[in-house]
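Trainee: I'd like to learn how to read a structure like this one. Can we go through it together, feature by feature?

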Amino acid sequence: TGETTQSPASLSFSLGETATMTCRASDSVGSYLAWYQQKTGQVPRLLIHTASTRASGVPARFSGSGSGTDFTLTVSSLESEDVAIYYCQPYKNWSFTFGSGTKLEIK
Amino acid sequence: EVQLVESGGGLVQPGRSLKLSCLASGFTFSNYGMNWIRQAPGKGLEWVASISSSSSYIYYADTVKGRFTISRDNAKNTLYLQMTSLRSEDTALYYCARSNNYGSPNWFAYWGQGTLVTVSS
């Protein structure tokens, strides 16, 4: 399994705005992609699986899209609690390679 | 409530061994694949190893293959990671994580709090 690329490495938005980050898999993974949120000092939390399905309890402000090699995580109506690093994880094959993460900060 | 509690971490010298455990509760352990994922200080997430529900399928990251062994005891609801020939680059917080099914490649639905392994002389 090759590298999983996330961009940008960091982004900063004001409260209430919408942030978008991308994940690119090295090979097509269909819809087999998950997103995780990790706040400082906390355990990673599953946000999205199967590219666009929100995990239980995840607010509708979080949405995922994409298929094949290119995926997007959108966080709308940004709140201060959304400050975190977001990781993507393709899972079509064994040998999982997480993306390097996108750090979301609030201006 | 799903709970995963890791233990066994600590300070160990390079070249030595250490065995991690993860005690699971709140779900039928024998029905789910399990995984180890690690995170070096200040770094991102790195998948380490996975094992299917019945231990039929086992996979390792290239960085640990031949040195680490994942196993499970379904009667004890416990996942293990035997680590040998430890290197400084193995220093990390090791998370136990549950898959969403019995053993196909999957997302990591639940995570433990992690146990810290420090490899240093």
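This is a predicted model: local features need pLDDT of at least 70, side-chain atom pairs count only at pLDDT 80 or more; totals for chains, interfaces and linings use all residues.

Trainee: Which residue stands opposite B:Ser7?

Mentor: B:Ser21, which sits in β3(B). Five bridges join β1(B) to β3 of chain B, residues 18-25, and the two run antiparallel.

Trainee: What holds paired strands together in general?

Mentor: Strands of a sheet pair through backbone hydrogen bonds, either parallel or antiparallel. Here, an open sheet of four strands in chain B has the order β1-β3-β8-β7, with antiparallel pairing.

Trainee: Which strands are at the edges?

Mentor: β1 (3-7) and β7 (68-73) of chain B, since each pairs on one side only. From one strand to the next, the twist averages 15°.

Trainee: How many helices and strands does chain B have?

Mentor: Zero helices and 11 strands. The radius of gyration of chain B is 13 Å, close to the 14 Å from the globule rule for 121 residues, so the chain is as compact as a globular protein of that length. Its C-alpha atoms fill a box of roughly 40 × 25 × 25 Å along the principal axes.

Trainee: What share of chain B is buried?

Mentor: Buried residues make up 49% of the 121.

Trainee: Now the rings. How many aromatic pairs are there over all chains?

Mentor: The count is 15. Take A:Phe96 and B:Trp47: the ring centres are 5.3 Å apart and the planes stand at 85°; planes over 60 degrees apart count as edge-to-face, so this pair does too.

Trainee: Why does that pair join two chains?

Mentor: Because A:Phe96 lies in the loop between β9 (84-90) and β10 (102-106) of chain A, while B:Trp47 belongs to strand β5 (residues 45-51) of chain B. Both A:Phe96 and B:Trp47 are buried.

Trainee: How is the pair of B:Phe27 and B:Phe29 arranged?

Mentor: That one is tilted, with 6.3 Å centre to centre and 50° between the planes. B:Phe27 and B:Phe29 are both buried.

Trainee: Which rings are linked into a cluster?

Mentor: Ring pairs link A:Tyr36, A:Trp94, A:Phe96, A:Phe98, B:Trp47, B:Tyr59, B:Tyr95, B:Phe108 and B:Trp111.

Definitions and conventions: Residues are numbered from 1 along each chain as its sequence is written. Chains are lettered from A and ligands numbered from 1 in the order in which they are written. Side-chain values use heavy atoms; hydrogens and water are left out. Two strands pair if DSSP finds at least two bridges between them. Axes are lines fitted to C-alpha atoms, for helices over the stretch in contact, and angles run from 0 to 180 degrees between N-to-C directions. The radius of gyration is taken over C-alpha atoms; the globule rule is 2.2 Å times the number of residues to the power 0.38. Buried means under 20% relative accessible area, exposed over 50%, partly exposed in between (1.4 Å probe, protein chains only). Rings of Phe, Tyr and Trp (its six-membered ring) pair if their centres lie within 6.5 Å; planes under 30 degrees apart count as stacked, over 60 as edge-to-face and the rest as tilted.
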